[in-house]
Amino acid sequence: MRLIGRVAACVAVLFGLAGGPSAVAQTWPTKAVSIVIPFPPGPGLDFVARMVGDKLSGALGQPVVYDNRTGANGRIAAEYVARAAPDGYTLLASSGSPVVVGPHLYKLNFDVGRDLAPIAPMGRIITILVVRPSLPVKTTQELISHMRANPGKLNYGSVGSGSTLHIHAERLLRASKTQATHIPYKGAAELLTSLLGYQIDFAFDSGLTVPHVKSEKLRIIGVVAAQRSAQFPDTPTLAEAGIDVEGDALFGVYAPAGISRDIVLRLNREIGRIMQTPEARAVLATFAAEV
């Protein structure tokens with residue numbers, strides 16, 4: 001199933017349908033707004049969400065607080081927001097894993113399309129394939145050849161079972177008819193630590209490893225996208241290597257369904273303005289991302 005390749009299209013359609021009955025927009029907000037983040041504090045989605053929230057606080061004239069509700073690859077946080085009051089005071093900052101991939105892999109206690117309202121996109125993150133420098137490979141095809149010569153001896157990490165990064169790796173193994181052991185971690189920080197400590201051999205990553213690739217502590221060998229990354233123009237896409245694995249990591253803001261359309265439109269407008277600022281572009285650039 002070409003699920004990950006359709007993530008961008010699915011989320012774009014959802015964002016286009018955002019809306020709901022107007023109820024409290026004239027007085028909102030009168031208190032702090034909470035942004036629920038499905039993953040641990042640290043670089044990546046957490047950085048982007050906090051940057052957006054800090055600027056959003058100034059635009060709304062109310063504090064923005066952060067609630068890192070981790071676990072179950074983001075499903076705990078997504079369900080929490082889906083069941084919250086649709087009053088504009090509880091928002092979800094999410095990647096595609098909980099809201100796009102999750103419904104296809106797990107039996108959820110809520111319905112994403114029915115119970116969550118898309119508010120605004122925050123960024124598109126190019127996913128890259130990285131290896132520890134001591135691994136004797138410099139291209140995706142060399143990695144595949146190495147795995148074929150050492151069946152089942154290599155291992156790879158992800159930010160959790162069922163995450164988009166996990167699925168990218170499994171699709172690579174299936175397409176190349178190779179084997180490797182999956183080691184899931186609780187978050188991107190743990191995954192990065194294991195990569196830098198040579199405890200795992202390779203991983204797909206949504207930008208956290210970029211500074212370490214540039215300092216040559218890790219080696220990039222492929223890009224999961226329709227075209228090459230502007231930051232890594234010399235690195236071929238997986239498609240160029242003959243592997244049909246494609247898909248971007250999308251960060252977006254959601255709210256409980258039933259939220260006032262006027263609140264949706266205001267949040268969409270304010271977040272859109274924030275993402276066009278030089279600071280936002282600089283933050284996204286550190287993850288090889290774009291607005």
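Is Arg50 buried, partly exposed or exposed? Arg50 counts as partly exposed, at 26% relative accessibility. Buried means under 20% relative accessible area, exposed over 50%, and partly exposed in between (1.4 Å probe, protein chains only).

## Basis

This is a predicted model: local features need pLDDT of at least 70, side-chain atom pairs count only at pLDDT 80 or more, and totals for chains, interfaces and linings use all residues. Residues are numbered from 1 along each chain as its sequence is written, and side-chain values use heavy atoms, without hydrogens or water.

## Salt bridges

The count comes to 9 salt bridges. A salt bridge is a side-chain nitrogen of Lys or Arg within 4 Å of a carboxyl oxygen of Asp or Glu. Arg50 pairs with Asp46 in this way (2.9 Å, N to O). Both lie in helix H2, 4 residues apart, about one turn of the helix. Asp46 is buried, with a relative accessible area of 4%. Helices (H or I, at least four residues) and strands (E, at least two) are DSSP runs, numbered from the N terminus.

Glu240 forms a salt bridge with Arg228, the closest N and O atoms being 2.9 Å apart. Both residues lie in the loop between S9 and strand S10 (249-256), so the pair ties together parts that are 12 residues apart in sequence. Glu240 is partly exposed at 46% relative accessibility. Arg228 is partly exposed at 36%.

## Helices H2 and H11

The axes of H2 (residues 45-60) and H11 (residues 278-285) come within 10 Å and cross at roughly 170°. Axes are lines fitted to C-alpha atoms, for helices over the stretch in contact; angles run from 0 to 180 degrees between N-to-C directions. H2 and H11 are therefore roughly antiparallel, a term for angles over 145 degrees.

Val48, Met51 and Lys55 in H2 meet Glu279, Ala280, Val283 and Leu284 in H11. Contact means heavy atoms within 4.5 Å. The side chains of Glu279 and Lys55 also meet in a salt bridge (3.0 Å, N to O). That pair ties together parts that are 224 residues apart in sequence. Glu279 is partly exposed at 43%, and Lys55 at 30%.

## The sheet

5 strands form an open sheet with mixed pairing, in the order S7-S6-S8-S5-S9. Strands pair if DSSP finds at least two bridges between them. S7 (181-184) and S9 (219-224) stand at the edges, each with a single partner strand, so one side of each is left without a neighbour in the sheet. The twist averages 25° from one strand to the next.

S5 (residues 127-131) and S9 run antiparallel, joined by 5 bridges. Ile128 stands opposite Val223 in S9.

Notes
Parallel < 35°, antiparallel > 145°, perpendicular 65-115°, else oblique.
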